[in-house]
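Subject: Structure handover

Hello,

Please find the structure below, with the sequence. My notes on what was found in it follow.

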Amino acid sequence: EITLGNKNYHIGLYEKAMPSSLNWEEKLKCAKDCGYDFVEISIDETDARLARLEWTAQERAQLRETMQKIGVPIRSMCLSGEQKCSVSRKSASTRQE
């Protein structure tokens, strides 16, 4: 957190700014060690990241536990995966995906 004037700002680190080989605990530790306040999760067009939308309750709980353990939350999400099959596409078959 930084203060400019009379306002406090939280500074986050975009998940994809870190090596993809890191697991969530390592990503959160990295963000903390570098002085960031939170991490932004990415849901992009890759199958692995789109699959996050279908995580089980147990998988989501595990991530919450890891955030609590490390002390760095995920406070925002970059959702670009909808571009793969957008509901605004003209083709009905594309929208069906």
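The largest pocket is lined by I41, I43, R52, L53, W55, R60, L63, R64, M67, I74 and M77. On a 1 Å grid over the protein atoms alone, a pocket is an open set of points where a 1.4 Å probe fits, with protein on both sides within 12 Å along at least five of seven lines, and lining residues have an atom within 4 Å of a point. This is a predicted model, in which local features need pLDDT of at least 70 and side-chain atom pairs count only at pLDDT 80 or more, while totals for chains, interfaces and linings use all residues. Residues are numbered from 1 along each chain as its sequence is written, and side-chain values use heavy atoms, with hydrogens and water left out.

The pockets

The volume of the largest pocket is about 250 Å³. A volume here is the space filled by probe spheres set on the grid points, which are joined across faces, edges and corners. Three elements each give at least two residues to this lining: β4 (38-43), α3 (57-70) and β5 (74-79). Helices (H or I, at least four residues) and strands (E, at least two) are DSSP runs, numbered from the N terminus. With four residues, α3 has the largest share of the lining. By type, the lining of the largest pocket has eight nonpolar residues, no polar ones and three charged ones. In this count Ala, Val, Leu, Ile, Met, Phe, Trp, Tyr, Cys and Pro are nonpolar, Asp, Glu, Lys and Arg are charged, and the others, Gly among them, are polar.

The second largest pocket holds about 170 Å³ of space. Its lining consists of N23, W24, E25, W55, E59, Q62, L63 and T66. Here α1 (24-33) and α3 each supply at least two residues, and α3 again has the largest share, four residues. This lining splits into three nonpolar, three polar and two charged residues.

L63 is on the lists for both the largest pocket and the second largest pocket. It is part of helix α3. Is L63 buried or exposed? L63 counts as buried because its relative accessibility is 11%; buried means under 20% relative accessible area, exposed over 50%, and partly exposed in between (1.4 Å probe, protein chains only). Not counting residues up to four places away in sequence, L63 touches W24, W55 and I74, where contact means heavy atoms within 4.5 Å. L63 and P73 are ten residues apart along the chain, and their C-alpha atoms are separated by 9.5 Å.

Two more residues

D37 sits in the loop between α1 and β4. Its relative accessible area is 18%, so D37 is buried. Apart from neighbours within four places in sequence, D37 is in contact with E1, Y9, H10, I11, V72 and P73. Between the C-alpha atoms of D37 and I74 there are 9.1 Å, and along the chain the two are 37 residues apart.

S76 belongs to strand β5. It counts as partly exposed because its relative accessibility is 24%. Leaving out residues up to four places away in sequence, S76 touches F38, V39, E40 and I41. S76 and L13 are 63 residues apart in sequence, with 9.9 Å from C-alpha to C-alpha.

Rings and the whole chain

What sits over the ring of W24? The charged end of K27 does, 4.9 Å from the ring centre. A charge sits over a ring if NZ of Lys or CZ of Arg is within 6 Å of the ring centre and within 35 degrees of the ring normal.

The protein has four helices and five strands, and along the sequence they follow the pattern β-β-β-α-β-α-α-β-α. Of its 97 residues, 26% are buried. Among contacts with a separation of 6 or more, 67% are between residues 24 or more positions apart.

Regards
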